[in-house]
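Take a look at it first, and then we can walk through it point by point.

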Amino acid sequence: MIETIVALASGVGRAGIAVIRLSGPSVRFGLETIVGGVPEPRRAVLRELRQPASGELLDEGLVLFFPGPGSFTGEDVAELQVHGGRAIIAGVITALTALPGFRLAERGEFTRRAVANGRMDLTSAEGIADLVEAETGSQRRQALRQAGGALERAASGWRERLAGLLALMEAEIDFPDEEDVPVLFASIRAGAEALLGEIEAALKGARSGERLREGAVMVIAGPPNAGKSTLLNALAQRDVAIVSPIAGTTRDTLEVHLDLGGYPVTLIDTAGLRDTVDLVEAIGVERARASLERADLVIWLEAEDARTAPPSLPAPLLRVHAKQDRADSPLPEGFDLALSARSGVGMPELLQRLEQAARQALEGGETALVTRERHRRELETIAAHLATVCAADEAAPVEFVAEDLRLAVRAIGRLTGKVDIDEIYDVIFREFCIGK
Ligand code: GDP
C-alpha cells in the first residue's frame, strides 16, 4: 500500500508562514480529519486546523488541494499554509503523521514520486534540485531550463529516433535477403550520423554547463605572508579566513562563495605553498596543490616582503602584487595587477578581472543541456555507440550494429530514468508488418 507522505516544504526555523505538504492516497482523508473537509481543487480557502482527537485548535491557515493525476507528484496533494512557528509546525505534522497510512516524507520523496508517476523525468527532477540550490542569477536560469525539461525533451527526441533506427535494423535482421537492405543500411547510417552530430553539440557545452552548476573555482595562492587571507576577507566582506602575521597560520584551504556579476565563484584560500615540517600544515599544502589543479583561475599573490615566482600550472594565472599601500614603485615587472586589500587600491580592478574570468569559464552554461557529470557520461556512451554504427559498412554483422543501437537506447533510458522496452517494440510493430 502506498503511504501518504507529509513534510515541511518551507525552510526550517521561525518564519511568517510555513508550508506543509501532503501527497498520497489518503490526502482527502487527512484534510477531512484536520481541516474538516476537502476544499475545491486549486482554490485557497481559509480553514481552522484542529487536533483530531481533542478538537484543539492548532492554527488557522490557507488550505489548497490538488487532485491527482494532474498534481506535482501525480497523486492527490495538499498544501497547508500555516503560521511559521515551531509549535504550530510540530503540532500539525504530528497530528497528520499520527493518522493511519501517513508518515514523514524522506528527502526528495515528493519529486521522486513525480518521476515514478511519469510527471517528469530524472533530468527535470535534477533541475528542481538545482533550483533549490541556485545561488546566483545565471544558476537560476540554468536550473529553470533544466527543470522545465530542456534535456528531457532533447533526450526523448533522441530516444524516439534511436528506436526508429533500431526498428529499421531489426527489419534487416529479420529479412536479410530482401533487396532494399543496402538502402536500409544507408538510411540507418544517415540517421545515426545526424543523431551523433546533435549529441556531440550537446557535449560541447558540457563543461560550461557543469561548471556553472558547481561554480567556477578560483584559488588564491602564493608564498606565506603575501596577504592571501586578508585578500579573501576583503573579497568575501566577512571574516572567514584567519588573518595573522605569523607564516603558516592558514593551515587548511578556506572557501567562500561569491556572486560575480551573476556568475557563481568558489574562492579558495590556500595554505602557503612551501615545504613544511609541520604535519597539519603539510595536509593543507597538499589540498592547496589539489585545488590548484582544478582551478579556473589562480590568483598568485606576492608582496615586497613575500616574493616567490609562481610555479608553472595548468590553470590560467593572474599575478598580483599585494600590500601596494606599502610599496614605493607602482607595478613591478611581470605582474598583472597591484592592489592593497587594506586600503582598497586596485580592488575594483581585481573584481573586474575575476568577473571576466568567471564569464569566460561559465559562458554558455545557462543554455547548456548537460549540467552534470552523469549526463555527460551517458551522452558520451551514446556517442561512442553511434560512432560505431556510423563506421560500420555493409559487411558488418547486422546483429552487432543493432546491439550498439540497443545500448545507446539503454543509455538514454538511464539518463532520463525511463527504461521502456515496450516503446521500442511499438515502433517495430507499427512500422513493419512482421506477419507478412
Ligand atoms: P597569508 O599568509 O598570505 O594569508 O597573509 P595574511 O593575509 O595573513 O597577511 C600577512 C600579513 O600581511 C598580515 O600581518 C597582514 O595584516 C598584512 N597585510 C595583508 N594585506 C595587507 C595590505 O594590503 N597592506 C598591508 N600594509 N599589510 C597587509
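1. Let's begin with α12. At 1.5 Å a residue, its 19 residues should span 27 Å, and the C-alpha atoms at its ends are 27 Å apart, which agrees. The expected span is 1.5 Å times one less than the number of residues in the helix. Helices are DSSP runs (H or I, at least four residues), numbered from the N terminus.

2. Before going on, please keep in mind that this is a predicted model, where local features need pLDDT of at least 70, side-chain atom pairs count only at pLDDT 80 or more, and totals for chains, interfaces and linings use all residues. Residues are numbered from 1 along each chain as its sequence is written, and side-chain values use heavy atoms, with hydrogens and water left out.

3. Which residues of α12 are buried? They are His375, Glu378, Leu379, Ile382, Ala383, His385, Leu386, Val389 and Cys390. These residues cover an arc of only 170 degrees around the axis, which puts them on the same side of α12; the arc is taken from the directions from the helix axis to the C-beta atoms. Arg377 and Ala391, on the other side of α12, are exposed. Buried means under 20% relative accessible area and exposed over 50%, with partly exposed in between (1.4 Å probe, protein chains only).

4. Now for the largest nonpolar core, which has 39 residues; Trp158, Leu379, Leu386 and Leu405 touch the most other members. Two or more residues each come from α6 (150–174), α7 (181–204), α12 (373–391) and α13 (398–416), and α6 gives the most, with 10 residues. Such a core is a set of buried Ala, Val, Leu, Ile, Met, Phe, Trp, Tyr and Cys residues joined through side-chain atoms within 4.5 Å.

5. Leaving aside residues up to four places away in sequence, Leu386 touches Leu162, Ala192, Leu195, Leu196, Ile199 and Leu405 (contact means heavy atoms within 4.5 Å). Another core, of 32 residues, lies apart from the largest one and has Ala236, Leu337, Leu354 and Ala361 among its members.

6. Finally, do visit the ligand. Of the 17 residues around the ligand (a heavy atom within 4 Å), Lys228, Ser229, Thr230, Asp325 and Arg342 come nearest. A polar side-chain atom of Asp325 lies 2.8 Å from a ligand nitrogen atom, while a polar side-chain atom of Ser340 lies 3.1 Å from a ligand oxygen atom.

Note on methods:
A polar contact is a pair of N or O atoms within 3.5 Å; within protein, one must be able to donate a hydrogen and the other to accept it, and residues adjacent in sequence count only if both atoms are side-chain atoms.
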